[in-house]
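The sequence and structure come first.

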Amino acid sequence: MKKIQIVGIEQSYEWRADVSNSRDIALEEMKISNLGEQGILKKLIPGAFNLYLDKNLLYSWDQYFEIIKQLSYVRLVTLTGNKFRKIDKD
């Protein structure tokens, strides 16, 4: 026997808006240029496996390293179309 629950449109929007347990987070073309305050990614999307940040305004490899530092479960981070600076040889 399966349980069926009928929900209203407001409740379904609330469930979709809760990204804290989402495995795939798509934020393409959102004009994101910074990651916000320290630790915010870990707080907002701790269980993300795949993070799609294509065509944003990210510019530093330090931002990438901060993402993988905060999100311990992340396996894929796509950054195509961002304008990363070259890494100094030093």
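## Aromatic residues

One aromatic cluster is made up of Trp 61, Tyr 64, Phe 65 and Phe 84. A pair of aromatic rings is described by the distance of the centres and the angle of the planes.

Arg 23 lies over the face of Phe 49, 4.7 Å from the ring centre. A charge is placed over a ring if NZ of Lys or CZ of Arg is within 6 Å of the ring centre and within 35 degrees of the ring normal.

## Basis of the model

The model is predicted: local features need pLDDT of at least 70 and side-chain atom pairs count only at pLDDT 80 or more, whereas totals for chains, interfaces and linings use all residues. Residues are numbered from 1 along each chain as its sequence is written, and side-chain values use heavy atoms, with hydrogens and water left out.

## The sheet

An open sheet is formed by three strands in the order β1-β2-β3, with parallel pairing. β1 (24–26) and β3 (76–78) are at the edges and have a single partner strand each, so one side of each lacks a neighbour in the sheet. On average, neighbouring strands of this sheet are turned by 5 degrees against each other, direction ignored; axes are lines fitted to C-alpha atoms, for helices over the stretch in contact, and angles run from 0 to 180 degrees between N-to-C directions.

β1 and β2 (residues 50–52) run parallel and are joined by three bridges. Ile 25 has Leu 51 in β2 as its bridge partner. Strands (E, at least two residues) and helices (H or I, at least four) are DSSP runs numbered from the N terminus, and two strands pair if DSSP finds at least two bridges between them.

## Loop positions

Asn 34 is in the loop between β1 and α2 (40–44). A polar atom of the Asn 34 side chain lies 3.0 Å from the backbone nitrogen of Gly 36. Leaving aside neighbours within four places in sequence, Asn 34 is in contact (heavy atoms within 4.5 Å) with Leu 58 and Gln 63.

Glu 29 is in the loop between β1 and α2, and its phi is near 55 degrees, a positive value in a residue other than glycine. Lys 55, in the loop between β2 and α3 (61–70), also has a positive phi, near 55 degrees. Most residues other than glycine have a negative phi. Glu 29 is exposed at 56% relative accessible area, and Lys 55 is exposed at 54%; buried means under 20%, exposed over 50%, and partly exposed in between (1.4 Å probe, protein chains only).

Note on methods
Phe/Tyr/Trp six-rings, centres within 6.5 Å; stacked < 30°, edge-to-face > 60°. Polar contact = N/O pair within 3.5 Å; in protein donor to acceptor, adjacent residues only side chain to side chain.
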